[in-house]
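Hello,

Here is the structure I said I would pass on. My notes on it follow below.

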Amino acid sequence: MKQYVVDAFTDRVFHGNQAAIIVLEDWLSESLMMDVTRENNFSETAFTVKEGEKYRLRWFTPGGEIDLCGHATLAAAYVLLRFYETAAERVVFSTLSGDLTVQRRGELLEMELPAYELKKTPVSPELEAALGVKVREAYLARDLLCVLEDEKSVCSFTPDLERIKALDGLLLHVTARGTAADCVSRSFAPKLAVAEDPVCGSGHCHIIPYWADTLGKDELVAYQASRRGGTLYCRREGNKIFMAGKAALYSVDELYLERS
């Protein structure tokens, strides 16, 4: 079976966020999908099967299956629209987070994702001690979002992954107002066996609502300031985030697997 490795939220390989995409005729066992995911050791490996007019999409981290992943959704749409549904302008995925649509927007692929409802949480001495930096504000939804003083604080942030594991939320995102972009951020997921997620789409379902309210505008350019880096073109409409980016194909591989 074929596996596609795609760098999402970039137009150049070795940047953005890697995702492995496997397009199947029918599902593999859970244990085999986890074995493939751990063998790849990317932040996400995604598996998809066409079911009627839609594709069912599942995302796996080395720590297990998750309910939402933006960059692997973008990467899966890139693969399907380039190799399988070449005449189509969009693809609809059935997922644990409901139906997600990705469509062509010129050179970009734009996906519709749910916006998380953020609840403000106290900035405790314990939180600042765990992060080792000054935290201006903190919010909790699926993940923990911490607003830092400035862009430099985000870029130079050195995570203590063991202390991050003890914090609330599935992932930790640190963010600040940007200079070249509206906002900058970094994302960490040690609970999912991922130290730093290079460009986190689902994280921006937290980040964009915060900055849309703070900056008073619903269209934003976001930059994820990991070592690989990536740019997301976002807009908020109600409880939805429309998130667009480019993608670059790194490889097409042949996997030799015995189904279990």
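This is a predicted model: local features need pLDDT of at least 70, side-chain atom pairs count only at pLDDT 80 or more; totals for chains, interfaces and linings use all residues.

Phe-83 belongs to helix 2. Its relative accessibility is 35%, so Phe-83 is classed as partly exposed.

Helix 2 spans residues 70-84, which is 15 residues. From its first C-alpha to its last it reaches 20 Å, close to the 21 Å expected at 1.5 Å a residue. Most of helix 2 is covered, with 12 of its 15 residues buried. The buried ones run from Gly-70, His-71, Ala-72 and Thr-73 through Leu-74, Ala-75, Ala-76 and Ala-77 to Tyr-78, Val-79, Leu-80 and Leu-81.

Helix 1 covers residues 30-40, and its buried residues are Leu-32, Met-33, Met-34, Val-36, Thr-37 and Asn-40. What lies over these buried residues includes five strands: strand 1 (2-8), strand 2 (17-24), strand 3 (45-51), strand 4 (54-61) and strand 5 (64-66). After helix 1 comes Asn-41, which has a positive phi, near 60°.

With a relative accessible area of 42%, Cys-155 is partly exposed. Cys-200 is also in no disulfide; there the nearest cysteine sulfur is that of Cys-69, at 6.9 Å. Is Cys-200 buried or exposed? Its relative accessible area is 2%, and buried means under 20%, so Cys-200 counts as buried.

The last item is a loop residue. Leu-118 sits in the loop between strand 8 (108-114) and strand 9 (119-121). Leaving out residues up to four places away in sequence, Leu-118 touches Tyr-139, Leu-140, Ala-141, Leu-145, His-206 and Tyr-210. Leu-118 and Ser-29 are 89 residues apart in sequence, and their C-alpha atoms are 35 Å apart in space.

Regards

How values were computed:
Residues are numbered from 1 along each chain as its sequence is written. Side-chain values use heavy atoms; hydrogens and water are left out. Helices (H or I, at least four residues) and strands (E, at least two) are DSSP runs, numbered from the N terminus. The expected span of a helix is 1.5 Å times one less than its number of residues. Buried means under 20% relative accessible area, exposed over 50%, partly exposed in between (1.4 Å probe, protein chains only). A disulfide is a pair of cysteine sulfur atoms within 2.5 Å. Contact means heavy atoms within 4.5 Å.
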